[in-house]
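Here is a briefing for a reader who is new to this structure. Please look through the sequence and the model before reading on.

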Amino acid sequence: MAVEVEDFYKDLGLKVRALRSRQHFTQQQLGSLLTPQVTRASIANIETGKQRVLAHTLIQLAAALRVSVEELLPRVRAGGIAHIQEELSHKLALPNRQIDRLAQRLAKPTSETRSLDERSRRTRRR
Amino acid sequence: MSAAAARAAAERLLQRLNVNSAPVDVDSIARALGLRVVYEDLGSDVSALLVTSGPKIAIGIHKGHSKTRQRFSLAHEIGHFVLRHQFEAGEHVHVDSGRLISARSASASAGLDPKEVEANQFAAELLMPVKLIRMHASRFGEGPVLEHEVARLAREFAVSQQAMTIRLSTLGLA
């Protein structure tokens with residue numbers, strides 16, 4: 001979990017930085033737009049993912065950067081394998097290398113989804 | 001959901017997929033249900049696992065175990081899937097370390113999760129369908145199935161002798 005959470009705040013920070021540059025704000029200026037104001041250092045820490053943004057700060061950041069809160073949030077990797085990897089490593093007594101391989105094999109997307117069921121149905125129709 | 005309902009679900013599935021001969025091709029059944037099956041080393045104490053999140057539901061089977069145990073493990077995980085078992089909230093991977101335990105034995109009813117009992121019942125019915133067992137056993141004539149006949153049935157259904165013994169006694173044939 002630790003890695004995922006860190007990545008989340010790093011991604012969020014990168015988005016804040018990108019949007020701030022687009023608005024031609026300095027870190028200082030962006031900090032002054034929040035209520036209560038935050039320091040330049042605080043914005044710098046948010047942008048590097050070292051500081052975890054509070055919910056109300058997130059809303060204010062989005063407003064200052066002229067995006068919706070949703071746009072500001074990093075995409076959560078839905079169906080990603082990080083959480084599967086994480087769980088496997090807790091539940092199985094295996095070295096990391098094997099856990100990674102197993103997670104890859106279990107979670108990789110495929111196109112082969114047609115079922116035997118459908119096939120037999122089609123055969124019957126003929 | 002009871003053990004009987006779990007067995008009925010397995011029977012319906014076999015019927016739907018037109019399975020009427022032994023040994024039951026449990027890999028094909030998994031594929032027919034859209035499940036991915038992966039054979040890998042799962043470490044000690046784990047026979048199989050079910051991944052319930054991600055792009056596709058997937059089953060991991062310990063490749064180091066005997067073929068008959070692998071088949072039972074796969075049938076067991078298919079059972080969890082077909083019976084729509086809900087595991088702990090937020091859990092993405094359900095791990096089974098289980099060895100085959102008779103649902104009738106005291107050790108099974110005491111302390112074993114009902115979901116596991118159901119999945120075992122499902123697996124027994126899937127791999128050793130009552131109709132096919134009766135058909136095969138009828139060759140041996142009247143009376144209880146003898147030991148060498150149990151061994152033969154186990155080979156024909158590609159299950160362990162232990163599993164077959166339990167199945168036959170459940171059906172009152174041994």
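Predicted model: local features only at pLDDT ≥ 70, side-chain atom pairs only at ≥ 80, totals over all residues.

Chain B contains eight helices and four strands. Of its 174 residues, 49% count as buried.

**Overall make-up of chain B**

- Read from the N terminus, the elements of chain B follow the order α-α-β-β-β-α-β-α-α-α-α-α.
- Take the contacts in chain B between residues at least 6 apart in sequence: 62% of them join residues at least 24 apart.

**The sheet**

- The four strands of chain B form an open sheet in the order β1-β3-β2-β4, and the pairing is mixed.
- β1 and β4 (93-96) of chain B are the edge strands, and each of them pairs on one side only.
- On average, neighbouring strands of this sheet are turned by 15 degrees against each other, with direction ignored.
- Strands of a sheet pair through backbone hydrogen bonds, in either a parallel or an antiparallel way.
- The pairing of β1(B) with strand β3 (residues 58-62) of chain B is parallel and has five bridges.
- β2(B) pairs with β3(B) in the antiparallel sense, over four bridges.
- Ala48(B) has its bridge partner in β3(B), namely Ile61(B).

**Which way the side chains point**

- Strand β1 (residues 36-40) of chain B has alternating side chains.
- On one face of β1(B) are Arg36(B), Val38(B) and Glu40(B), which are buried.
- How many residues of β3(B) are buried? Five of its five are, and the strand is mostly covered.
- From β3(B), Ala58(B), Gly60(B) and His62(B) point one way, while Ile59(B) and Ile61(B) point the other way. All of these are buried.

**Helices on the sheet**

- α3(B) lies across β1, β2, β3 and β4 of chain B. It runs at about 155 degrees to β3(B).

**Helix α3 against helix α5 in chain B**

- Helix α3 (residues 67-82) and helix α5 (residues 114-127) of chain B pack with their axes 8 Å apart, at an angle of about 120 degrees. That angle makes α3(B) oblique to α5(B).
- The crossing of α3(B) past α5(B) is right-handed.
- The residues in the contact of α3(B) with α5(B) comprise 10 nonpolar, four polar and three charged.
- From α3(B), the residues that meet α5(B) include Phe72(B), Ala75(B), Ile78(B) and Val82(B).
- From α5(B), the residues that meet α3(B) include Ala119(B), Phe122(B), Ala123(B) and Leu126(B).

**Helix α1 against helix α5 in chain B**

- Helix α1 (residues 3-16) of chain B also packs with α5(B): their axes come within 8 Å and cross at roughly 35 degrees.
- α1(B) passes α5(B) in a right-handed crossing.
- This contact of α1(B) with α5(B) has eight nonpolar, one polar and four charged residues.
- Among the residues of α1(B) that meet α5(B) are Ala6(B), Arg7(B), Ala10(B), Leu13(B) and Leu14(B).
- On the α5(B) side, the residues are Glu118(B), Gln121(B), Phe122(B), Glu125(B) and Leu126(B).

**One residue: Ala137(B)**

- Where is Ala137(B) found? It is in helix α6 (residues 130-137) of chain B.
- Is Ala137(B) buried or exposed? Its relative accessibility is 8%, so Ala137(B) counts as buried.
- Beyond its neighbours within four places in sequence, Ala137(B) is in contact with Val145(B) and Leu153(B).
- Val150(B) is 13 residues from Ala137(B) along the chain, and their C-alpha atoms are separated by 9.0 Å.

Notes:
Residues numbered from 1 in each chain as written. Chains lettered and ligands numbered in written order. Heavy atoms only, no water. Helix = DSSP H or I, 4+ residues; strand = E, 2+ residues; numbered from the N terminus. Buried < 20%, exposed > 50% of the residue type's maximum accessible area, 1.4 Å probe, protein only. Contact = heavy atoms within 4.5 Å. Pairing = 2+ DSSP bridges. Axes fitted to C-alpha atoms, helices over the stretch in contact; angles between N-to-C directions. Parallel < 35°, antiparallel > 145°, perpendicular 65-115°, else oblique. Left-handed = near helix turned anticlockwise from the far one by under 90°. Nonpolar A, V, L, I, M, F, W, Y, C, P; charged D, E, K, R; others polar.
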